[in-house]
Amino acid sequence: MFTARESSEQLLRGTSTEQAPRMTRDDPRPGRPLIYAHRGSSAAFPELTRSAYVQAILDGADGVECDVQLTRDGYLVLHHDAQLGRTSNGTGPVSQHTLKQLRALDFVSWKGVPIPESHGRRHEQLLTLDELLDLLESAGRTLALAVETKHPSAFGQGLEEAVLVLLMRRGWDPETGWLGNIKVSVMSFHPDAVRYFLQSVPPRHVCQLVADTTVSSVRHSMRVGPAAAVVYRAGMKLVVPPAVPIIDNGEVELAGPGIQYVRDHPRDVLAWRSNGSVLRVWTVDSFADTYVCLSLGVHQITTNVPADVLRWVADASGGVLGRRAAQFA
């Protein structure tokens, strides 16, 4: 009799993924952009949960993206916001909770979708980074993993150090980026976090994320009201070093602009590509945005709907995508 977790692993091992060219260790670029599942297949299932990542693998994603926070007792958990509440019935900072306390929370109900038993039981949905790596190892094929550290963090660069220690403990080779069947890269919006990673990791496996900081984006990421968001945004511009020069100066080889940044600053993006940067664009969830990425030669696409984007990319080879994108531009 299998547990739900074992059922997930059995399901993944028995799934065929031959519908599209795949990344392999010998050929990490399958002749099309790599498709990363943003927080898993997070349009279908609660973000950053076991069910979302099981579905991402079943959807055929080449890789997955995750956000990590440190708990009070030193575990790396998959959680986007510094504060609990948006995706659970908890309150307060993640950093002030132990893993056991977080396990007692409900990270599923907010999404309003049933979770198949094959995708894990409700109490198994919160994942540590260790558990995500276990799940990816069980997939039976090569996968990529992009680990994002979230800031501001109560632990400062201790967050990046914890990620590196965990990866090294599991046998990650930072020179090649490989950990068994998993190609790992690390990334952050915060330049100090990126530069901390660069002390130990080659630039080809480090991504500087980029977005135009707006009051709206601050409100969403920090879960504060409009007045507080204005203050936070002003403080961030004073305290946080600019991210774009890290890409412009070639300190990293992975450039991670958001799709709105790509639309607003296409010349920057084309310049980065011309200078040899690998473009990893997020979050691409429409026909039109997929077409923008393909037209600019984007190498990696991060999306909440990986099955859809894989289909749209395949359509491009038959000239279908351009006609569809025009309808949604």
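Q: Leaving aside its neighbours within four places in sequence, with which residues is H79 in contact?
A: This model is predicted. A contact requires heavy atoms within 4.5 Å. Beyond its neighbours within four places in sequence, H79 is in contact with L48, D67, V68, Q69, L84, T87, V94, F107 and K150.

Q: Where does H79 lie, and is H79 buried or exposed?
A: H79 is placed in the loop between β3 (76-78) and α3 (99-103). A residue is called buried under 20% relative accessible area. H79 has 4% relative accessibility and therefore counts as buried.

Q: Which backbone oxygen does the side chain of H79 reach?
A: The side chain of H79 comes to 2.7 Å from the backbone oxygen of D81.

Q: How many disulfides does the structure hold?
A: The structure has zero disulfides. As to accessibility, C66 counts as buried because its relative accessibility is 0%; C207, at 0% relative accessibility, counts as buried too.

Q: What describes two packed helices?
A: The angle between their axes and the distance between the axes describe such a pair. Here, the axes of α2 (residues 50-58) and α4 (residues 129-137) come within 11 Å and cross at roughly 25°. Angles under 35 degrees count as roughly parallel, so α2 is roughly parallel to α4. The crossing of α2 and α4 is right-handed.

Q: Which residues of α2 and α4 make the contact?
A: R50, Y53, V54 and I57 contribute from α2, and E131, L132, L135 and L136 from α4.

Conventions
Residues are numbered from 1 along each chain as its sequence is written. This is a predicted model: local features need pLDDT of at least 70, side-chain atom pairs count only at pLDDT 80 or more; totals for chains, interfaces and linings use all residues. Side-chain values use heavy atoms; hydrogens and water are left out. Helices (H or I, at least four residues) and strands (E, at least two) are DSSP runs, numbered from the N terminus. Buried means under 20% relative accessible area, exposed over 50%, partly exposed in between (1.4 Å probe, protein chains only). A polar contact is a pair of N or O atoms within 3.5 Å; within protein, one must be able to donate a hydrogen and the other to accept it, and residues adjacent in sequence count only if both atoms are side-chain atoms. A disulfide is a pair of cysteine sulfur atoms within 2.5 Å. Axes are lines fitted to C-alpha atoms, for helices over the stretch in contact, and angles run from 0 to 180 degrees between N-to-C directions. Angles under 35 degrees count as roughly parallel, over 145 as roughly antiparallel, 65 to 115 as roughly perpendicular and the rest as oblique. A crossing is left-handed if the near helix is turned anticlockwise from the far one by less than a right angle, and right-handed if clockwise.
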